[in-house]
Amino acid sequence: MASQALTLLLLLLSVTALSDAGSIGVNYGRVANNLPTPDKVVELLKSQGLNKVKLYDTDATVLTALANTGITVVVALPNELLASAASDQTFADNWVQSNISKYYPATKIEAIAVGNEVFVDPKNTTKYLVPAMKNVHASLVKFSLDSTIKISSPIALTALQNSYPSSAGSFKPDLVEPVIKPMLDFLNQTGSYLMVNAYPFFAYTGNSDKISLNYALFKENSGLVDTGNGLKYYSLFEAQIDAVFAATSALKYGDVKMVVTETGWPSIGDENEIGASEANAASYNGNLVRRVLSGNGTPLRPQDPLNVYLFALFNENQKTGPTSERNYGLFYPNEQKVYDIPLTQEQLKRGQSTPVNGNTSQVPVVGEVSKTSVGQTWCVANVNAGDKKLKAALDYACGEGGADCSPIQPGSTCYNPNTLEAHASYAFNSYYQKKTRAVGTCEFGGAAYVVSQPPRYGNCEFPTGY
């Protein structure tokens with residue numbers, strides 16, 4: 001009887017361990033000139049039930065806004081400071097004192113990302129990474145913060161030599177001895193975790209003829225069996241994560257935990273960025289949240305909950321590169337959702353669902369963005385810019401900019417609603433379409449931003465070309 005009771009207890013403990021839910025956080029990037037103030041961003045995070053945020057610096061205004069909110073924060077020491085932090089302990093001490101201890105514990109800083117994807121940094125800062133991590137950690141020890149704040153550094157999947165099948169995951173040989181093993185040893189010694197940036201979108205868009213879209217989006221599929229260990233995978237994301245686990249295990253650091261510090265899917269992309277769409281972004285992020293919050297880990301690590309930071313909170317209009325880079329956001333700069341997905345357990349229980357093929361049953365109202373079109377883009381006014389900036393940008397668009405503003409004149413088809421937002425949106429979009437939707441033509445000094453659904457103000461139809 002005692003033996004049966006013990007067996008039952010062990011079974012219950014096993015089930016409990018396997019059912020622990022992971023956590024969802026979000027990356028708050030600010031490479032844009034049209035975003036809400038940090039105070040407003042904090043209110044947005046609270047309203048969405050998001051209590052974990054990752055930053056790319058230690059901006060004083062942002063850290064102050066996050067104080068006494070209960071939101072846990074991952075901050076960053078940028079790549080350009082790695083050399084100084086690696087070579088000068090005093091620099092590291094001063095940085096920690098000015099950027100960490102000054103705000104902690106009011107601001108709930110839980111980790112410092114030392115650098116970001118350093119191995120692909122064109123300035124070749126790899127050699128500074130581990131020394132910088134060690135010096136920043138030594139500074140935390142001096143300020144008695146090492147027991148509550150972890151040190152790590154996000155790596156991209158490009159650090160892997162092999163990732164398929166997952167069981168054959170391995171790091172690039174030229175990185176192993178100089179940096180990977182020393183970093184994993186440091187993480188192991190300090191009780192920290194490996195930060196990984198994983199984007200199934202990149203793998204899919206480059207291999208759409210070989211990878212199933214359903215497999216990439218966590219949708220129903222027949223799955224793939226790993227020929228190396230017999231495990232079956234139903235999502236590309238989990239296969240990528242297990243490839244990293246296999247790579248760390250091959251170096252005898254299999255006990256180091258992992259956090260996915262970036263993952264996401266763009267809602268708009270260039271013509272050659274196959275799969276970039278609002279519907280796919282909603283599917284990927286929505287299904288990922290469900291997967292994370294439902295409990296259990298990956299096939300290789302089923303007892304390790306998935307802890308993930310979505311990329312990103314906002315579309316960032318000043319990021320360089322392809323169109324997708326500026327369109328990973330869950331929200332537009334005016335705080336409207338790009339698409340509607342659950343972000344918390346409570347939202348999942350309420351049955352909040354991801355739009356399918358970009359459609360909803362809602363009828364657009366004044367100022368609302370319709371969700372009935374996919375694959376085109378428009379330019380609209382950012383009301384957070386203020387009336388003065390909007391008026392100046394409107395005057396430019398209708399004057400020197402050459403936008404067709406005749407439809408917003410009194411008595412014309414788009415005069416009503418007679419609001420600054422509606423008129424500015426029409427003028428900005430006219431300018432944007434006349435400039436063939438080129439990069440940088442929907443900025444107006446932060447007074448405008450790109451959307452992937454046709455704007456509706458009254459009965460006015462916004463053109464998509466001239």
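I began with a crossover: β1, α2 and β2 make a right-handed β-α-β unit. Right-handed here means that, with the strands pointing away from the viewer, the path from the first strand over the helix to the second runs clockwise. Helices (H or I, at least four residues) and strands (E, at least two) are DSSP runs, numbered from the N terminus.

I noted the ground rules before going on. This is a predicted model, in which local features need pLDDT of at least 70, side-chain atom pairs count only at pLDDT 80 or more, and totals for chains, interfaces and linings use all residues. Residues are numbered from 1 along each chain as its sequence is written, and side-chain values use heavy atoms, with hydrogens and water left out.

**Strand β1**

I looked up the partners of β1. Two strands pair if DSSP finds at least two bridges between them. β1 pairs with β13 in the parallel sense, over 4 bridges. Within that pairing, Ile24 has Val308 of β13 as its bridge partner. β1 also runs parallel to strand β2 (residues 52–54), joined by 2 bridges. There, Val26 stands opposite Val53 of β2.

Next I checked burial. I used these cut-offs: buried is under 20% relative accessible area, exposed is over 50%, and partly exposed is in between (1.4 Å probe, protein chains only). For β1, 5 of its 5 residues are buried.

Which residues of β1 point one way, and which the other? Ser23, Gly25 and Asn27 point one way, Ile24 and Val26 the other. In a regular strand the side chains alternate between the two faces of the sheet.

I then took Asn27, which lies in strand β1. Asn27 counts as buried because its relative accessibility is 0%. I listed its contacts (heavy atoms within 4.5 Å). Leaving aside neighbours within four places in sequence, Asn27 is in contact with Lys54, Tyr56, Thr261, Glu262, Tyr309, Leu310, Phe311, Ala312 and Leu313.

**Aromatic pairs**

A pair of aromatic rings is described by the distance of the centres and the angle of the planes. I counted rings of Phe, Tyr and Trp (its six-membered ring) as paired if their centres lie within 6.5 Å; planes under 30 degrees apart are stacked, over 60 edge-to-face, and the rest tilted.

How many aromatic pairs does a search of the whole structure find? The search finds 18. One of them is Tyr28 with Phe314, edge-to-face, at 6.4 Å centre to centre and 65° between the planes. Tyr28 sits in the loop between β1 (23–27) and α2 (38–47), and Phe314 in the loop between β13 (307–310) and α12 (345–349), so the pair ties together parts 286 residues apart in sequence. Tyr28 and Phe314 are both buried.

I also looked at Phe218 and Phe237. This pair is tilted, with 5.9 Å centre to centre and 45° between the planes. Phe218 is in the loop between α9 (213–216) and β10 (224–225), Phe237 is in helix α10 (residues 236–250), and the two are 19 residues apart. Both Phe218 and Phe237 are buried.

**Disulfides**

A disulfide is a covalent bond between the sulfur atoms of two cysteines. My cut-off was a pair of cysteine sulfur atoms within 2.5 Å. The structure holds 3 disulfides.

I took Cys379 and Cys442 to start; their S to S distance is 2.0 Å. The link of Cys379 and Cys442 is right-handed, with 90° about the S-S bond. Cys379 lies in strand β15 (residues 378–381) and Cys442 in the loop between α14 (420–434) and β16 (448–451), so the pair ties together parts 63 residues apart in sequence. Cys379 and Cys442 are buried.

Cys398 and Cys405 are joined at 2.0 Å, S to S. The torsion about their S-S bond is about -90°, so this disulfide is left-handed. Is Cys398 buried or partly exposed? Cys398 is partly exposed, at 31% relative accessibility. Cys405 is buried, with a relative accessible area of 7%.

Cys414 and Cys460 have their sulfur atoms 1.9 Å apart. Their link is right-handed, with 85° about the S-S bond. Cys414 is in the loop between α13 (387–398) and α14, Cys460 is in the segment after β17 (455–456), and they are 46 residues apart. Cys414 is buried at 8% relative accessible area, and Cys460 is buried at 4% relative accessibility.

With bonded cysteines counted along the chain, the disulfides follow the pattern 1-5, 2-3, 4-6.
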